[in-house]
Amino acid sequence: MHGWNGQILRVDLTKKKSSVQSYDKDFALKFLGGRGFAIKILWDELPKGTDPLSPQNKLIFATGPLTGLPLASSGKIVVAAKSPLTGGYGDGNLGTRAAVHLRKAGYEAIVIDGKADAPSYLYIEDSKVEILDAKTLWGTGTFAAEDELIKKHGKNCGVLVIGQAGENLVKFAPVLSQKGRAGGRPGMGAVMGSKNLKAVIIKGSKDIPVSDPDGLKELGKQAYKDIKGKESYDFWIRQGTMMALEWANESSCLPTYNYSEGVFDEAKGIDGYRMEKLKVARRGCPDCNMQCGNVIKDVEGEEAELDYENVGLLGSNIGLGDLEKVALLNRLADDWGLDTISAGNIIGFVMEASQKGLISEKYEWGSADDARTILEEMTFRKGFGNVLAEGVKYTSQKVGKGSEKWAMHVKGLECSAYDCHAAPGMALAFATSCIGAHHKDAWLISWEIATDRSSYNEEKVAKLIELQQIRGGLFESFVTCRLPWIEVGFSLDWYPKFLKAATGEDFTFDELKKTADRIYALVRCFWKREYPDFGKAWDMPPDRWFEEPLTKGPLKGTKVDRDRYVKMLNMYYEMRDWDSNGIPTRKTLETLGLPDVAKALNI
Ligand code: SF4
């Protein structure tokens, strides 16, 4: 088989055993890789009702047929498991040398079962697999742990690691790599911690089998050149995703004071231009020629990597307009292994609850010291931090007194950095994302703002589905970074060419979209299997966006219209060929080649 190694590494930490499982071309073509492989494995193997933090949960690292090839931004990996934060399917992706090394070691994925009897790390060098002692690493941050492992095993490897938050089972702890690249905020780091697994180190030395090596090399060269020649490339290199901050503020969608507003008076203190003045370096993922990790020195003089999402959440959302202080919070979160998006969302909630007198702790909007205290308490589960470590949904249920209405999450996953009072399509995107309120599956908001943001129409719903197919279905399964396409206009037409050179197969967009629909439907069915009442009520954005209009900025007075939102949600189900409660029908599942899934759910 070309394009795929055709092998999945299986590791059982309880039994201290590993094995290699082969898979065939049918499986590869039907699920591609990454998220596709992960959901198929979890659907097939994870019994309904499995405790996500038990040894029975499966932690999956999965790449795809384009990962690790000399192509645009291909050094990414998906990490997935049943989520301890939401109880549903959870995943995320991160850029890391581990992705490239995994493919070079001869595998597309690692599936980790069981629980080590003491802190351990997994060492993979081609066919050699060892479970090694991590007692001295347990309790250290991700930066020191990665440094230590590289010192021991050499630079030529990839490291996936958790911090103290993952060890302490903080339910939004991700997995990290390369001091700032993080993925899996529905608690994949907590799943790793529950398995007593501090890190995974991968060294691969083989060639990835591709159909047309020379053609692929040439395509890669052309693609890098094409990206570099794009009009927006130079500005992207200057600011990366930080350029979105000014745009979001001008467009009234910058999350501010726990998503109560979309504009922030101090936005200039944290925007891309401010970052440019402080920038000392640029970092990024392997095989990328548009690296977007902007590094500045934080208020303590240490290097910290910034992007729009973490500055939106740890900046404007908590009322903090000083970028060097935002950078400090971001560095601490990365080092301790906390997700910056969820953490900033929860800090915003806590500050609001404190200001409203709903909790006894005293916190001020915009106080970096208070935010640091909250971060630390979450990470180490101290005092009220033990509640916060369970996520914003759980925290609001504990606080009560109506705070559930402004706990900003969907399905238990905290919203990422877009306020949706004046973006009903983006609210629908958050609400129907298959892991909870994450932007990665459908970043509809830039299209929505550029077209007609106030409408609730079919065109918007159709665009949302198309973006979910491409972003959540295809890029998460190829597995490569979507940013060349989104941010500098790298054409999607490159991808069937890449796939042809890698696998020898001809893929049309219609076929690829069907694959994406298959993956999305299977994720939906996973949720349904876990939660018998799963359906329409789960696809609603937070009440705040329906009930409390913006009080500032050019769109003052705007909020989402609930009735029109529900009509749009109904259109979404119809266009996806799901039933009126948002569950894929038997016919849809059969058309997607999933009749066994329909049978299992008795649909
Ligand atoms: S664009 Fe940014 S996120 Fe994407 S591969 Fe490059 S460095 Fe990584």
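Analyst: Two strands are taken to pair if DSSP finds at least two bridges between them. The model discussed here is predicted. In it, four bridges join strand S14, residues 293-297, to S15, and the two run antiparallel. Within this pairing, Ile 296 stands opposite Ala 304, a residue of S15.

These two strands belong to an open sheet of three strands, whose order is S13-S14-S15 and whose pairing is antiparallel. Its edges are formed by strand S13, residues 279-283, and strand S15, residues 303-306, each of which pairs on one side only. From one strand to the next, the twist averages 35°. A helix also belongs to this picture: H12, made up of residues 323-336, lies across S14 and S15 and runs at about 95° to S15.

The ligand site may be considered next. The residues around the ligand include Gly 284, Cys 285, Cys 288, Met 290, Gln 291 and Cys 292. Strand S13 covers 279-283 and strand S14 covers 293-297. Other parts of the chain also supply residues around the ligand, namely Ser 73, Lys 76, Cys 481 and Leu 483. By class, this shell has six nonpolar, three polar and one charged residues.

There remain the empty spaces. Rolling a probe the size of a water molecule over the atoms shows where empty space is left. A search of the whole structure finds one cavity of 30 Å³ or more. The largest cavity has a volume of about 40 Å³, and its lining consists of Lys 411, Ser 433, Cys 434, Tyr 520, Val 523, Arg 524, Trp 527 and Phe 534. Five of these lining residues are nonpolar, one is polar and two are charged.

The second largest pocket has a volume of about 350 Å³. It is lined by 17 residues, and those that lie nearest its centre are His 409, Ala 537, Met 540, Pro 541 and Pro 542. Two elements give two or more residues to this lining: helix H16, residues 392-399, and strand S16, residues 409-410. Helix H16 gives the most, with three residues. Taken by class, the lining of the second largest pocket has seven nonpolar, four polar and six charged residues.

Terms used:
Residues numbered from 1 in each chain as written. Predicted model: local features only at pLDDT ≥ 70, side-chain atom pairs only at ≥ 80, totals over all residues. Heavy atoms only, no water. Near = heavy atom within 4 Å. Nonpolar A, V, L, I, M, F, W, Y, C, P; charged D, E, K, R; others polar. Axes fitted to C-alpha atoms, helices over the stretch in contact; angles between N-to-C directions. Contact = heavy atoms within 4.5 Å. 1 Å grid on protein atoms, 1.4 Å probe; cavity = no way out; pocket = protein on both sides within 12 Å on 5 of 7 lines; lining within 4 Å. Points joined across faces, edges and corners; volume = space filled by probe spheres on them.
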